[in-house]
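Here are my notes on this model, point by point. Please read them with the structure open.

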Amino acid sequence: MSDAFTVLWTHDTCDELRKAGLEGRRPPVAFSGVHSSLPAWSGARAGDEVYAVHVRQREVFVVSRMRIVDRERRDCCGPAPQAWGERSHPGHHDWWALGAGGCGAEVVHVEATPVRFDLPVPGDLLPRLTWRNQRGRTRGLKYVVDGRLERAVSLQGFYRLTPESAVDLAELAEGA
């Protein structure tokens, strides 16, 4: 059975995607890393779903729904860097904003919905969203006030959704 996760795409990431004209295009890759600015996609496997979310003006948006294909370097990634300062994944230059230059960036090939910035998570769904850790403990979003997210800190990172919340986000993404 596949799992579902969320990953927060920052304002900088989303601004870069807009500037590069990538809204409406399907990302073929995302990147996992070893630093909080590019969270590790630990525990995620081929077939798992990842919801890239963004917070703008206290509202949470689903930017893209991605299904992991693999986490292997392929020919499409371009040559591995041979010296310091060389790009690590030159074949994915268009999608650089997703973290290709991040600390210890590793490619994650995905099948994804087009990048969009107009799919809000309804305010009544926010307090119901839950995540679970590897020990089976669940947690919800902190700082939800009147259907709006006052602080994005509880979304920062890469987190496994509970099955119920995965269904809720799937229905939202499919209904869009």
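1. Cavity search. Searching the whole structure turns up 1 cavity of 30 Å³ or more. The largest cavity has a volume of about 50 Å³. Here a cavity is a set of points, on a 1 Å grid over the protein atoms alone, where a 1.4 Å probe fits but cannot get out. Its volume is the space filled by probe spheres set on the points, with grid points joined across faces, edges and corners.

2. Basis. This is a predicted model: local features need pLDDT of at least 70, side-chain atom pairs count only at pLDDT 80 or more, and totals for chains, interfaces and linings use all residues. Residues are numbered from 1 along each chain as its sequence is written, and side-chain values use heavy atoms, with hydrogens and water left out.

3. Cavity lining. Lining residues have an atom within 4 Å of a point. For the largest cavity they include Thr 6, Val 53, Val 60, Trp 131 and Leu 169. The lining divides into 9 nonpolar residues, 1 polar and no charged. Nonpolar covers Ala, Val, Leu, Ile, Met, Phe, Trp, Tyr, Cys and Pro; charged covers Asp, Glu, Lys and Arg; the others, Gly among them, are polar.

4. Strands are DSSP runs (E, at least two residues), numbered from the N terminus. Two strands pair if DSSP finds at least two bridges between them. β3 and β4 pair in the antiparallel sense over 8 bridges. Ala 52 stands opposite Ser 64 in β4. The two strands form a hairpin with 2 residues between them. Gln 57, in the turn, has a positive phi of about 50°. Gln 57 counts as exposed, at 67% relative accessibility. The cut-offs for relative accessible area are under 20% for buried, over 50% for exposed and in between for partly exposed (1.4 Å probe, protein chains only).

5. β4 and β5. β4 is mostly covered, with 9 of its 12 residues buried. β4 and β5 run antiparallel, joined by 4 bridges. The bridge partner of Ile 68 in β5 is Val 110.

6. His 92. Is this residue, His 92, buried or exposed? His 92 is buried, at 6% relative accessible area. His 92 sits in the loop between β4 (59-70) and β5 (106-112). Leaving aside neighbours within four places in sequence, His 92 is in contact (heavy atoms within 4.5 Å) with Val 29, Phe 31, Cys 76, Cys 77, Val 107 and His 109.

7. Asp 146. Asp 146 is not a glycine, yet has a positive phi of about 50°. Asp 146 lies in the loop between β8 (144-145) and β9 (148-149). At 76% relative accessibility, Asp 146 is exposed.

Definitions and conventions:
On a 1 Å grid over the protein atoms alone, a cavity is a set of points where a 1.4 Å probe fits but cannot get out, and a pocket is an open set with protein on both sides within 12 Å along at least five of seven lines; lining residues have an atom within 4 Å of a point.
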